[in-house]
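Me: Can you walk me through this model? I would like to start with the loops and then move on to the core and a pocket.

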Amino acid sequence: MANLKEIRNRISSVSSTMQITSAMKMVSAAKLKKAQDAITAMRPYADKLTELLQSLSATLEGDSGSDFAEQREVNKVLIVAITSNRGLCGAFNANIIKEVTRLTNETYTGKNVSFVTIGKKANDALEKKQNVISNDSDVFDDLTFDNVANIAQMIMDKFVAGEFDKVEIVYNSFKNAATQIVKTEQFLPIVSVESDKNVNLDYIFEPSKIEIVETLIPKSLKTQLFKAIRDSFASEHGARMTAMHKATDNATELRDQLKLTYNKARQAAITNEILEIVGGAEALNN
């Protein structure tokens with residue numbers, strides 16, 4: 001059994017860790033509320049914008065002529081991997097790395113796969129083994145639509161230039177504080193939606209439908225990437241809050257076990273001292 005000093009040191013260490021994890025949990029809970037409100041408010045707009053674009057596209061005869069809708073033979077693939085800049089959030093980052101690895105080794109085996117990393121954890125995991133063309137981890141320092149739009153524009157320009165035939169986004173979608181869902185969304189080329197419903201938009205369009213669609217497509221793509229990053233940002237704080245909650249509970253349980261062990265050891269030491277004293281007294285009497 002460990003001596004009393006070692007047990008006291010362990011109790012002190014575990015208590016300090018518990019205070020840190022508890023503080024991190026409260027910080028993440030505060031940040032989660034703001035991030036959750038942001039993505040909850042944004043989803044209806046992003047969904048409606050996509051719905052409007054699809055409705056207009058469905059009424060166009062033939063190809064709208066958009067460079068972003070060009071279908072090519074897939075040889076060069078770009079994967080946008082969205083993680084966090086920091087750890088201590090459970091399997092949040094590991095799940096993204098696992099998914100992009102699966103895509104590289106299974107779905108796009110034999111293809112030329114490159115990466116854009118958003119989040120230091122993705123960059124650290126991929127830069128040594130994969131072709132990372134851009135690391136935009138600093139976007140989390142000032143998460144605004146304009147900053148994300150610059151990243152989206154860079155990706156869109158490379159697709160139009162023919163540098164990539166397909167672009168995928170891999171990120172954690174926020175469901176609740178305890179649940180994050182890994183999603184893979186096709187970013188480019190734009191997915192054509194075939195609907196069985198007869199789309200009847202009895203409107204007068206000014207300018208023409210094609211011009212409206214051509215204007216909406218870049219905005220819709222930038223909004224899609226912004227929504228994915230916002231989703232990931234909220235998921236990160238949810239995952240970290242949950243992880244720190246579990247860590248705090250485990251530290252509390254370990255501390256209680258150590259205190260029990262310490263009390264037993266101290267009681268045993270006192271009993272031994274009493275026995276030694278009694279034994280010595282009896283020896284003197286004899």
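Reply: Helices (H or I, at least four residues) and strands (E, at least two) are DSSP runs, numbered from the N terminus. With that, leucine 88 lies in the loop between β1 and α2 (92–107). This is a predicted model, in which local features need pLDDT of at least 70, side-chain atom pairs count only at pLDDT 80 or more, and totals for chains, interfaces and linings use all residues. Residues are numbered from 1 along each chain as its sequence is written, and side-chain values use heavy atoms, with hydrogens and water left out.

Me: What is phi of leucine 88 near, and is leucine 88 buried or exposed?
Reply: Phi is near 60° for leucine 88, a positive value in a residue other than glycine. Leucine 88 counts as exposed, at 55% relative accessibility, where exposed means over 50%, buried under 20% and partly exposed in between (1.4 Å probe, protein chains only).

Me: And where is serine 66?
Reply: Serine 66 sits in the loop between α1 and β1, and this serine is buried, with a relative accessible area of 4%. Serine 66 is 151 residues from isoleucine 217 in sequence, while their C-alpha atoms are 8.4 Å apart in space.

Me: Which peptide bond is cis?
Reply: The bond from leucine 188 to proline 189 is cis, with omega near -10°, and proline 189 is found in the loop between β5 and α5.

Me: Switching to the core, which residues touch the most other members?
Reply: In the largest nonpolar core, which has 33 residues, they are Val80, Ile82, Ile118, Phe187, Leu188 and Leu225. Such a core is a set of buried Ala, Val, Leu, Ile, Met, Phe, Trp, Tyr and Cys residues joined through side-chain atoms within 4.5 Å. Helix α5 gives the most to this core, with eight residues.

Me: Which residues line the second largest pocket?
Reply: Its lining is made of Lys31, Ser84, Asn85, Arg86, Phe140, Asp141, Leu143, Phe233, Glu236 and His237. A pocket here is an open set of points on a 1 Å grid over the protein atoms alone, where a 1.4 Å probe fits, with protein on both sides within 12 Å along at least five of seven lines; lining residues have an atom within 4 Å of a point.

Me: Which helix gives the most to that lining?
Reply: Helix α5 (residues 209–285) does, with three residues.
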